[in-house]
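We will go stop by stop.

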Amino acid sequence: MRFLFLGDMVGRSGRTAVFDRLPGLISDWKLDFVVVNGENSAGGFGITEEIFERTLEAGADAVTTGNHVWDQREALAFAGRQDRFIRPANYPAGTPGHGSGLFEAKNGARVLVANIMGRVFMHPDLDDPFACADNLVSACPMGEQADAIIIDFHAEATSEKQCFGHFLDGRASVVVGTHTHVPTSDHQILVGGTAYQSDAGMCGDYDSSLGMEKEEPLNRFVTKVPRGRFDAAQGPATIAGLAVEISDRTGLAEKVAPVRIGPRLAEAVPDFW
Ligand SMILES: [Fe+2]
Ligand SMILES: [Fe+2]
């Protein structure tokens, strides 16, 4: 199975690049399944239902999120009726929406997609992400109810992310980090067969601070006095993510490669498709 993950779309720049490029990547690489993180797609803060639906039209099979999931209040309303909209699974019981979903890929594979949020330097009061992941993969194991398992681990600390990858090694096809908006170069297949990357990076303007116009964040670091608000950077976006060839037999990863396409980062595309 050919799987592509794209990191956080940031603002109009990021989502336009994904809408423009994803259909071509799906046909060129004959992708079977695509997941895109959309938590910053509405001006950098959250996602609207229109953007969510547009992301599916561009070819995403599911849209994951993170700590910005509710920034656009309408998400609280549509999260429950949109099965392909995935919010962090380790929010308290009763939170609107779904933390995971089981979907069919183009090749017929049953793919479990989950979004789980880290706690270190983030939200220490969330439910334990490790226990949450254990429950999810135990309830829908690879080789039984699922043919592949994709987990977007939305977290800040690389230590927590790496340990989370090792925790799921052999029980998930892909554990890919999001949230820091900077792609890490540690993409690999862990010893148990799980494809892993600490952070997929963002789909956004990299002449920025995490996809936001750099002037105001820079001003706040230097002067400590807010002068304006944070706006999404408007320059052309580079899309970033992870490409994984997943075994149809075992659900484990066979090949992994970073994806970076756009004007600012060194280009990276898989050489195996
Ligand atoms: Fe983000
Ligand atoms: Fe985030």
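**Stop one: the metal site**

Select the iron ion (ligand 1): Asp8 (OD), Glu39 (OE), Asn40 (OD1) and His181 (NE2) coordinate it at 2.0 to 2.2 Å. Donors here are N, O and S atoms within 2.8 Å of the metal (3.2 Å for Na, K and Ca); water is not among the atoms, so sites may look incomplete. This is a predicted model: local features need pLDDT of at least 70, side-chain atom pairs count only at pLDDT 80 or more, and totals for chains, interfaces and linings use all residues. Residues are numbered from 1 along each chain as its sequence is written, chains are lettered from A and ligands numbered from 1 in written order, and side-chain values use heavy atoms, without hydrogens and water.

Next, select Glu39. It bridges the iron ion (ligand 1) and the iron ion (ligand 2), which lie 3.4 Å apart.

**Stop two: the nonpolar core**

Which residues touch the most other members of the largest nonpolar core? Among them are Leu4, Leu22 and Trp29, in a core of 39 residues. A nonpolar core is a set of buried Ala, Val, Leu, Ile, Met, Phe, Trp, Tyr and Cys residues joined through side-chain atoms within 4.5 Å.

Select Leu4. Not counting residues up to four places away in sequence, Leu4 touches residues including Phe33, Val35, Leu242 and Val259 (contact means heavy atoms within 4.5 Å). Last, pick Met1 and Val244: they belong to a second, separate core of 23 residues.

Notes
Buried < 20%, exposed > 50% of the residue type's maximum accessible area, 1.4 Å probe, protein only.
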